[in-house]
There are 2 protein chains.
Amino acid sequence: MSSSTPLRFTILGTGALGGFYGSRLLLGGATVRFIAHSDVDWIRAQGLRVDSPLGDRLHHPVEVYADSDPIPPSDVVCIGLKTTRNARLPELLAPLVGEGTVILNWQNGLTLEDELAARFPQAVVIAGLCFLCSNKVGPGHIVHLDYGRVSLAALDERGVDWLPRLQAAFGAGGIETDVQPSLSAARWRKLAWNIPFNGLSVLLDRNTDAIMADPEARALAERLMHEVAEGAAACGVPFDPDFIPKLLATTERMAPYAPSMRLDFLGKRALEIEYMYRRPLREAAVQGVRMPGVETIASQLSILDRANRGV
Amino acid sequence: MSSSTPLRFTILGTGALGGFYGSRLLLGGATVRFIAHSDVDWIRAQGLRVDSPLGDRLHHPVEVYADSDPIPPSDVVCIGLKTTRNARLPELLAPLVGEGTVILNWQNGLTLEDELAARFPQAVVIAGLCFLCSNKVGPGHIVHLDYGRVSLAALDERGVDWLPRLQAAFGAGGIETDVQPSLSAARWRKLAWNIPFNGLSVLLDRNTDAIMADPEARALAERLMHEVAEGAAACGVPFDPDFIPKLLATTERMAPYAPSMRLDFLGKRALEIEYMYRRPLREAAVQGVRMPGVETIASQLSILDRANRGV
């Protein structure tokens with residue numbers, strides 16, 4: 001296939017992430033197949049609606065599937081599921097991944113790409129770190145609020161040639177991208193935000209703006225960021241000295257925002273604790289570094305999550 | 001005064017603590033004057049009611065005062081206020097403390113006795129660590145649920161001679177006592193329980209039995225205990241190796257119990273964060289030791305406390 005042929009995407013999960021980016025890729029001229037779960041019939045009948053400051057869209061008809069088996073081969077399989085459903089991931093991916101298929105992983109957390117590469121050695125694994133405010137508000141209905149940039153980082157050199165082609169496909173749909181030279185550094189930098197703000201938004205029962213507005217809550221978020229920085233450094237990817245101050249300043253400028261973990265908690269859905277907290281704790285521990293504040297909030301989240309869902 | 005003359009007590013605060021122990025001291029034959037706040041008129045008119053497995057009691061009339069000024073001199077002034085009211089403590093104590101007056105401090109936390117000794121050098125300062133389940137359920141009405149032992153520890157040698165006399169006065173009222181050779185060690189050992197269980201009972205919204213029944217919550221409590229152990233060791237009072245396992249085992253055998261901080265939170269009262277968390281953190285930090293998990297839950301408690309009270 002020439003590098004100018006439109007790419008074919010399969011998107012696993014038609015939620016806030018998959019629904020939004022799938023819509024933008026469609027608008028950019030790519031072929032896009034969606035896998036949906038509860039609302040597959042709705043989307044087939046009524047279409048996929050995406051409200052966005054970039055323009056509201058109703059896609060109808062949409063190529064949507066309830067399962068992976070019947071989907072024709074794609075160039076790129078995007079993972080837009082919650083990590084809480086990762087037990088089913090290998091089984092869902094298996095029919096979709098052939099020799100040289102790109103797996104573009106949108107999930108949050110650490111060690112995901114290594115696990116994908118170990119399970120699918122024939123695939124080209126690339127991380128796509130999403131900086132996106134988007135919610136699913138009903139069947140086949142996504143509301144995009146703000147942001148949307150995707151940072152791309154290849155797991156190994158096999159992905160490098162794919163990066164400009166992915167950038168082109170996203171760019172054609174109006175999505176900004178950048179390329180990160182180190183996947184591990186990009187993941188840890190994203191965790192430096194996700195770990196404090198996802199966790200504290202649940203534990204303190206408030207959105208990011210209210211965390212930033214309270215000096216004690218902001219200081220707690222900052223202390224947790226510094227622990228993540230120690231974990232990152234132990235794993236070989238130290239932060240720049242101005243990274244944390246910049247991250248705090250950016251958060252301060254953000255519109256009031258409910259992190260996904262808070263929405264999951266309020267919706268009584270399982271929290272993404274394993275990949276966002278347990279794996280970073282484990283990776284740092286392997287290097288002999290503990291993150292005791294992170295450990296403390298991770299345990300609290302896990303305990304409250306189970307109580308919240310009555311399990 | 002001979003050592004067989006009944007002791008005269010003034011009790012600052014007629015709550016769950018002061019009301020209960022005052023009642024027992026009265027029954028043991030001591031002279032007891034109470035200082036009450038909101039329910040002073042009720043107690044004067046209706047008496048002080050204490051329901052207890054040791055026997056229900058209505059004391060009427062009771063020597064009760066709204067302020068310190070008019071109270072005749074006592075041998076022992078007991079502090080049964082919440083530490084959240086400590087800003088008023090020097091002013092309340094001043095008229096009560098003469099040369100050689102014993103200040104028996106029932107409050108939880110660290111550095112309290114040093115502050116009292118600094119403010120009242122003429123006083124004999126003794127810590128009375130209370131192992132008590134007791135609630136105030138209404139005006140002049142205390143319900144004692146379980147336990148009640150008081151561990152006595154003199155701040156300096158001036159208090160040593162007083163310890164048997166205090167033990168006798170409490171014992172006459174049916175209260176078990178013991179004498180602890182090191183005030184600092186006794187305080188840190190009590191913190192090893194109070195820090196995890198008070199904080200987690202608020203943050204996890206559950207009583208001690210539910211914390212102990214959940215392996216992850218129990219493990220979190222245990223990790224916090226080990227941090228307190230590091231703080232204690234840094235302050236010169238290392239725990240015995242079997243102290244933490246024994247403390248957990250004791251907690252497991254306890255009846256379901258709502259720690260005072262949980263009751264305060266549910267009642268939208270200020271939490272005792274300063275002396276129970278901030279001071280231990282500060283004392284350990286002075287010795288170069290951080291307790292990052294304790295720090296994390298202390299900040300959360302402080303943030304939630306303010307939100308809870310709308311301040």
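This is a predicted model: local features need pLDDT of at least 70, side-chain atom pairs count only at pLDDT 80 or more; totals for chains, interfaces and linings use all residues.
View 1. Take chain B, turn it by 180° with a shift of 0.0 Å along the axis, and it lands on chain A with an RMSD of 0.0 Å. That's the relation of a two-fold axis.

**View 2. Where the two copies meet.** Of the interface residues of chain B, 100% are also interface residues in chain A, so the copies meet through the same surface.

View 3. Is D178(A) buried or exposed? It counts as buried, because its relative accessible area is 18%, and the cut-off for buried is under 20%. Leaving aside residues up to four places away in sequence, D178(A) touches R149(A), V150(A), S151(A), L152(A) and Q167(A). Two of these neighbours deserve a second look. The side chain of R149(A) pairs up with that of D178(A) in a polar contact of 2.3 Å. With S151(A), the D178(A) side chain makes a side-chain polar contact of 2.8 Å.

**View 4. The annotated C-terminal domain of chain A.** An unreviewed UniProt entry labels residues 184–301 of chain A "domain: Ketopantoate reductase C-terminal". How much of this stretch is helix, and how much is strand? Over residues 184–301 of chain A you'll find 75% helix and 0% strand.

How values were computed: Residues are numbered from 1 along each chain as its sequence is written. Chains are lettered from A and ligands numbered from 1 in the order in which they are written. Side-chain values use heavy atoms; hydrogens and water are left out. Copies are superposed by least squares on the C-alpha atoms of residues with pLDDT of at least 70 in both. Contact means heavy atoms within 4.5 Å. Buried means under 20% relative accessible area, exposed over 50%, partly exposed in between (1.4 Å probe, protein chains only). A polar contact is a pair of N or O atoms within 3.5 Å; within protein, one must be able to donate a hydrogen and the other to accept it, and residues adjacent in sequence count only if both atoms are side-chain atoms. UniProt positions are given in the numbering used here, feature names are shortened, and annotations may be inferred rather than shown by experiment. Helices (H or I, at least four residues) and strands (E, at least two) are DSSP runs, numbered from the N terminus.
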